[in-house]
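Here's a quick briefing on how this chain packs. Have a look at the structure first, then we'll go through the cores and the helices.

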Amino acid sequence: LFAGNDSQWDGALQTTVNAVLAALILLPLATMFQRTMPGPWKIVNLGLLALLLGSAVLYENALWGFQSQFYFLILFSLIHFWGVWSISAGRLQWAIGWLAGLAAIFSFGSGWLAPVLSITLLTINDLGNRRRPNCRWVLLALLALIGMTVTWLGQQTESSVSVGAETIGFALKLLSFPSRELSWVAAVVWFPFAAFVITLLRRRKMPNSDRYILAAGLWVLAHVGAITLTRLAPQDVAPNRYLDIMMIGVAVNAAVLVLLIRAWAEKFPQRLPKLSGTVVIALWTGVVIHSAWATHQTHHTYVEPILERNHHEQRERILAFLNTGDPVHIREVSYPEVPSSVPDQFVEQLRNPYIVRMLPAEIQTDLGINFPDNPELNNALPTNVPHNAGVINRGTYLRPLGQQASVVAESAPVPLNRTGFLRMDIAGVLHPPTTSIELRSTVSPQIRTFAEP
């Protein structure tokens, strides 16, 4: 993607690609719902999950290009579960499932969890049926060793984390997704899965469809434990990048809830009224939707203004450094006013011409416009208009009312292979033809661009 975009980073392009990856997550979830839900409920749940993925509740992985690793982790893990628990060994889906499990290991540090869970469930199944597990013990030990090694290398911390009230509270905040503030929502969201596990413990046999759901739910809970123990910090809410994994937990519990109600309705047809199951599903779905809406509103009211302000501040400071070469514009503030927690390293990166060339268009350096020196136009701007460092400021604000000013500015030759852009921030009101701005090409007089009001 980077090479195809002329080696220039484009935030809109990466967000579009990440949105496609997020949408693909719905495909393996659809196979899970296919086995547990009737048609109407399946469509409703997939629609709600699509809205959740497209809302501001889950934004970080979509906006940050490298965070696509979370989408690959979720996709490969779910495809693994789909392949392993679809049909018998030796078939195409089985092979696809294990290849996806292998890919999950290399997509993220916790990618080993999916194949380890599957091998564990397969081994338990063999032991329950009094069959020899063959080489699965070896595979389980090998994958566990790989997983622990990857985790140890990637999750080094300076101090250990003790399990206490803070740890449990942090885990509850993760489990309460889509709520970000109410920990009791965790009990509502995960009650179906808890009941599902209890019913499985009372059975002697477990169909593959149940193992699919069980493995996916345990996979989410394993991530809750890993995130809590390795990423715990003094913070009120869990980082947004982890919440796409928690969305899978919501999907698992939705599937389990419908599955359990259908099973209980078949087992106790006289005790359960026909509409009771529908009411329970509607109440559970209502809690999830209300929590998601409250989180969306909180994000829109409080988080979005902060992100927008940080974006503007980062852009202006990077431009100021590129235009002046003065590192004080970067070093005088800290993250998130600049997009790095190591200012000195960030300054050195911005001094690299290769990195500068790949920056997005909105923070490229100008094309070298040479304005004629005119004291009446230099910095003739109102006091409330910002004078950004290194930016050429020209205006007619100080001229008498009704007097026109005409400025002709010709830039230095611009090579065709040079990236860059011409940005003009206009303050005031344009009323063509009395007050207008016109750009002309010296190569082709027919090419004109007007700045319209």
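Is α12 mostly covered or mostly exposed? Mostly covered: in this predicted model, 18 of the 25 residues of α12 are buried.

**Nonpolar cores**
- The largest nonpolar core has 77 residues, and the members touching the most others are L29, F81, W219, M247 and I248.

**Around F81**
- Leaving aside residues up to four places away in sequence, F81 touches A114, L117, S118, Y212, A215, A216 and W219.
- One of those partners, W219, is, like F81, in the group that touches the most other core members.

**Helix α12**
- From first C-alpha to last, α12 reaches 36 Å over its 25 residues.
- That's close to the 36 Å expected at 1.5 Å a residue.

**α1 against α5**
- Helix α1 (residues 11–24) and helix α5 (residues 68–84) have axes that come within 9 Å and cross at roughly 20°.
- Angles under 35 degrees count as roughly parallel, so α1 is roughly parallel to α5.
- The crossing of this pair, α1 and α5, is left-handed.
- On the α1 side, the contact is made by N18, L21, A22 and L24; on the α5 side, S68, Y71, F72 and L75 make it.

Note on methods: Residues numbered from 1 in each chain as written. Predicted model: local features only at pLDDT ≥ 70, side-chain atom pairs only at ≥ 80, totals over all residues. Heavy atoms only, no water. Core = buried A, V, L, I, M, F, W, Y, C linked by side-chain atoms within 4.5 Å. Buried < 20%, exposed > 50% of the residue type's maximum accessible area, 1.4 Å probe, protein only. Contact = heavy atoms within 4.5 Å. Helix = DSSP H or I, 4+ residues; strand = E, 2+ residues; numbered from the N terminus. Expected span 1.5 Å × (residues − 1). Axes fitted to C-alpha atoms, helices over the stretch in contact; angles between N-to-C directions. Parallel < 35°, antiparallel > 145°, perpendicular 65-115°, else oblique. Left-handed = near helix turned anticlockwise from the far one by under 90°.
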